[in-house]
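Here is a short tour of the model shown below, meant to be read with the viewer open. We begin where the chains meet, then step back to each chain, and finish with a few local details.

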Amino acid sequence: MRGTTFMKIATRIAARLAKAAVVLLAILVLNFLLIHAAPGDPAVVMAGEAGATDDVFLAQLREKFGLDQPLYMQLGKYVWDVLHLDLGFSYRQQMPVFDLLMDRLPATLLLTGSAFAVSLILGVAAGVLAASRVGKWSDTLISTVALLFYATPLFWAALMGVLLFSVVLGWLPPFGYETVGSGFTGIRRALDIAQHLALPALSLGLFFMAVYSRMTRASMLEVAQLDFVKTARAKGLSRAVIERRHILRNALLPIVTLAGLQAGQLVGGAVLTETVFAWPGIGRLMFEALTQRDYNVLLGVFFVSAAMVIVFNLITDLIYGIVDPRIRAQ
Amino acid sequence: MDIEPTLSIEHLTVDLPEGADRPHAIRDVSLQLWPGRTLCIVGESGSGKSMSANAVMGLLPKGVSVGAGRILFGGRDITHLSEAQYQELRGQGIAMIFQEPMTALNPLMRIGAQIAEVFEAHGRLAPAERAARALQLLREVGIPDPERAQFAYPFQLSGGQRQRVVIAMALALEPRVLIADEPTTALDVTTQAQILRLIKDLQTRHGMAVMFVTHDFGVVSEIADDVAVIELGELVEQGPAEKVLKAPDHPYTRRLIAAIPTVEFRDEPAREEPLLRVRDLVKEFRTGARVVKASDHVTLDLMRGETLGIVGESGSGKSTLGRAIVQLVTPDSGTIEMDGKDISHLRGAALRAHRKRIQMIFQDPYASLNPRARIGRILTEGPIAHGRPRAEAEARARELLSLVGLKASAMERFPHEFSGGQRQRIGIARALALEPEIIVADEAVSALDVSVQAQVLDLLEDLKQRLGLTLLFVTHDLRVAGKICDRIAVMQKGRVVELGSVEQVFRAPREAYTRSLLDAAPGLEVQP
């Protein structure tokens, strides 16, 4: 019995992965075509920066980057390379794109991961609190604050955070990943990074925190009306047990969907925050690559972001199967 | 009698929040529950019959509260306990089971754990013993394969099995009082009969007092020792079941009992001209690897001018047959002929033109009307879609409203302004608006109170005679089928197992399955 269940799950995952591969390939092609549909190419930007406008120089650059080939040849070569896990070379940064991404990925994951954890934990906790005190002042307070976070544009919240905590109070550093040239190591360095992390992670997490708290509250109140909650009360269970075991567990189902959505943005969702806080992550790399028409880097970022979304979709579905036996059975 | 009542409700008044249609849910109600006896509280929807049960458990909805009177449990006043005191009482002193077994269990928790929770809530037994005792309880309430069922989730059990689980939870701590709030209303007749027997058995074995809330006098006649009848919050009659059922004093009780559909055998000549022929109809539904044959080579004729009843339990395929006939379901194979033409695979304009000839009345009078459309629009939409001028369609809609016993002013109102019975009348008017030859009624009166049910059945009968309609009446209720139908087809697992006149089916059923359905039907009396 257990063995067949395991086989069933394995088959399902394999089927999903096959589908994901197709989707990824489609994204790859689409990204490539979209980027080439945009006006300007790396050669123009480079030539412009070098102050040269003569056509021979441009042609030389294009030949060097393979941009003189017909589009379908370029596409074919690109797809072939990616299939071999070669994301190309960035001529701007003089580094393979893969190394560049790996270099920046930890900073981004640290930022988005902390934002994810903070927003999920605090958001759900606030939602539970509001739902169990529905109609009381603490509920009103939580709901109002959540609405405020929800409505505030990210960059504005970030700037105000810097103004308050860095400029006025001087508690936290306003930008950067760590104190440059401090030479900190070990715990001291971790603390330093954590201090730098606090503001960007919070401002990035605020929106989702608000969404989680509103959703948890609504979902808890809805589940509280269901028949099985009345059954639980009729058994003589205490309020705390009913809330935790019966209401919250059922109310978390829609939260899983939302968390999956947020998790999909772990790589590509922090462009604004990284730019505002000069955070050396993928988002800023992408922004720079965009202004410089650094095709290979841009395509690389797009590719990794898309792959991330697909992976987290799959994980979300698996988690759904774990928390909801009805889905597992299908 | 010198024994004490287990539970005594004295002059209880339960207040409704301001703005409700009446100030009290129940007013000045006094009832006693005796050990080993079952008190049935009978009333129609909105009578407040469930409120008395909820008041005892301290489970009144928000805004509803006990205004006056008191509730004594074993001599102790439990009217205004604190939440902690109620928690202590619930499940331990007084247990409760509910109407909807499908939703009464936590979908994410295993069955055994949900039962074991009762012991945990009251700090009884060591954790390991709790699971063992839960298994024992599952066995006692007759769950098949309890060793496996304890690890099942609710969705893996049928409605009847879930109700058994709820009963097991209620019994866990051997309460002295069991409150059952319409526990069998959502179940099939045969399952209902089993659950009623189970409750009766357990009651004798454990000597509990049972308060059984129901709207169904059939159930009352099966299970009650004492009966209390509630009309709009007032206790109008109470006494021993024998007395109340056979010789009711109050006119309301008499009216309710008279409204129970009784089987009528008609002496009309059999109708022989088939209007609709169903031949070898097959329809399968697949969920994953499971294949359900909803229609398994169904063959039958619907004669012009007759009322044909399709009866069966849930899952028997009776609704699928009705839906296939109205073209809401496309059959996998087989034909449905009308005027010698197969209508089961019509498409586009031909299908639209055909649709007006067969119309449907649905089960749920609340869900089957668009809540944002005025009645006028609901009644004219169909005819206008079929090319009637608006003015003419509206004039016809007014006629139809008076035909089904509603005022023409209803045209301007929305569905939520009407009661369940009135909405079902609107549903009937909507079906009639297209001047169909055949009406398929899918459990059209199942959601209605008996008195309303009787009115709607009379209306259907009257309209059928006046307009020369042919009726296909899909129902799980044999009493209703016996009252309104000329012939009855009994379905089981997608097949028609018996087809004959009402008299033949009720008096001399050929199939064992038909007999078991007839035996299970509560309060069904057929003159031999």
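In this predicted model, 26 residues of chain B are in contact with 18 residues of chain A. On the side of chain B that touches chain A, at least two residues each come from α2 (83–89), β6 (94–97), α3 (111–121) and α6 (159–171) of chain B. Which of the elements gives the largest share of that side of chain B? That is α3(B), with 3 residues. By residue type, the side of chain B that touches chain A divides into 15 nonpolar, 7 polar and 4 charged residues.

The table sets out some values for each chain.

| Chain | Secondary structure | Extent of the C-alpha atoms along the principal axes |
|---|---|---|
| Chain A | 15 helices and 2 strands | roughly 85 × 60 × 40 Å |
| Chain B | 19 helices and 20 strands | about 70 × 50 × 45 Å |

Chain A has 330 residues, of which 35% count as buried. For chain B, with 528 residues, the buried part comes to 47%. In chain A, 72% of the contacts between residues at least 6 apart in sequence join residues at least 24 apart. In chain B, residues 24 or more positions apart account for 69% of the contacts with a separation of 6 or more.

The overall dimensions of chain B can be set against a simple rule. A compact globule of 528 residues would have a radius of gyration near 24 Å, and chain B has 25 Å, which agrees.

An unreviewed UniProt entry places the feature "domain: ABC transporter" at residues 7–257 and 276–518 of chain B. In the model, residues 7–257 of chain B are 38% helix and 25% strand, and the end C-alpha atoms of this span lie 27 Å apart.

**A helix of chain A**

Now pick out helix α6 of chain A, residues 137–151. Its 15 residues should span 21 Å at 1.5 Å a residue, and the end C-alpha atoms are 21 Å apart, which agrees. Which residues of α6(A) are buried? They are Ile142(A), Ala146(A) and Phe149(A). These residues cover an arc of only 60° around the axis, so they sit on the same side of α6(A). Their packing partners are α5 (97–132) and α8 (186–224) of chain A. The other side of α6(A) carries the exposed residues Trp137(A), Thr144(A), Leu148(A) and Ala151(A).

Leu147(A) also belongs to helix α6 of chain A. Why does Leu147(A) count as partly exposed? Leu147(A) has 13 other C-beta atoms within 10 Å, whereas a buried residue needs 20 or more and an exposed one has 12 or fewer. Between the C-alpha atoms of Leu147(A) and Ser213(A) the separation is 9.7 Å, although the two residues are 66 residues apart along the chain.

**A helix of chain B**

Helix α4 of chain B, residues 127–140, can be read in a similar way. This helix has 14 residues and reaches 20 Å from its first C-alpha to its last, close to the 20 Å expected at 1.5 Å a residue. Buried in α4(B) are Arg130(B), Ala134(B), Leu135(B), Leu137(B) and Leu138(B). Because they cover an arc of only 160° around the axis, they lie on the same side of α4(B). The cover over these buried residues includes α3, α5 (146–149) and α6 of chain B. Turned away from the buried side, the face of α4(B) carries the exposed residues Ala128(B) and Glu129(B). Just after α4(B), Gly142(B) takes a positive phi of about 75°.

**Positive phi in two loops**

Gln94(A) has a positive phi of about 55° and is placed in the loop between β1 (89–90) and β2 (95–96) of chain A. Gln94(A) counts as exposed because it has 8 C-beta neighbours inside 10 Å. In chain B, Glu174(B) has a positive phi of about 50° and lies in the loop between α6 and β7 (177–181). Glu174(B) is exposed too, with 10 other C-beta atoms within 10 Å.

Key
Residues numbered from 1 in each chain as written. Chains lettered and ligands numbered in written order. Predicted model: local features only at pLDDT ≥ 70, side-chain atom pairs only at ≥ 80, totals over all residues. UniProt positions renumbered as here; feature names shortened; annotations may be inferred. Helix = DSSP H or I, 4+ residues; strand = E, 2+ residues; numbered from the N terminus. Contact = placed C-beta atoms within 7 Å. Nonpolar A, V, L, I, M, F, W, Y, C, P; charged D, E, K, R; others polar. Rg over C-alpha atoms; globule rule 2.2 N^0.38 Å. Expected span 1.5 Å × (residues − 1). Arc of directions from axis to C-beta.
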